[in-house]
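Reader: Could you walk me through reading salt bridges in a model like this one?
Author: Gladly; let's have it in view.

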Amino acid sequence: MPKIPNNMTFEEFNTGVVKAAEKAPNLGKSLLLNLDEGFIHIDMTQEPAVVTNEEKEADTIVTTSVETLDALRKGDLNPMMAMMGGKVKIKGDMGLAMKLQGLLG
């Protein structure tokens with residue numbers, strides 16, 4: 001697996017999501033990150049949230065890359081600019097997608 005700029009790999013990002021999910025509130029919804037590098041499904045219908053790498057149905061599907069999510073998480077990329085520039089595509093519950101940055105740290 002090639003390294004992503006800033007040295008964050010899919011595995012490292014996935015580990016961070018799993019850790020953040022331990023503290024995620026029960027929102028009664030699920031989220032699928034459809035990344036270039038693989039899938040991360042976050043089921044927030046229970047506590048703690050359950051994270052898998054399966055392509056499952058979800059209330060919200062966010063299609064992007066680990067590199068873009070990492071830049072959003074760090075505040076190096078504006079979420080609106082990422083969407084307008086086509087770096088992030090959201091299908092489904094937009095409100096849940098807006099909470100994504102807080103969920104991922």
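Author: Start with Asp70, which is buried, with a relative accessible area of 2%. Here buried means under 20% relative accessible area, exposed over 50%, and partly exposed in between (1.4 Å probe, protein chains only). A word on the basis: this is a predicted model, where local features need pLDDT of at least 70, side-chain atom pairs count only at pLDDT 80 or more, and totals for chains, interfaces and linings use all residues. Residues are numbered from 1 along each chain as its sequence is written, and side-chain values use heavy atoms, with hydrogens and water left out.

Reader: Which residues are linked with Asp70 in a network of salt bridges?

Author: The general idea is that side chains of opposite charge can pair when their charged atoms come close. A salt bridge is counted when a side-chain nitrogen of Lys or Arg is within 4 Å of a carboxyl oxygen of Asp or Glu. In this case, Asp70 is networked with Arg73 and Lys74. Its N to O distance is 2.6 Å for Arg73 and 3.2 Å for Lys74.

Reader: Where do Asp70 and Arg73 lie?

Author: Both are in helix H2 (residues 66–74), 3 residues apart, about one turn of the helix. Helices (H or I, at least four residues) and strands (E, at least two) are DSSP runs, numbered from the N terminus. Lys74 is in helix H2 too, 4 residues from Asp70. Arg73 is partly exposed at 29%, and Lys74 is partly exposed at 40%.

Reader: How many salt bridges does the structure hold?

Author: There are 3. One of them joins Lys29 to Asp93, with the closest N and O atoms 2.9 Å apart. That pair links distant parts of the chain, 64 residues apart: Lys29 is in strand E1 (residues 29–35), and Asp93 is in the loop between strand E5 (89–92) and helix H4 (94–98).
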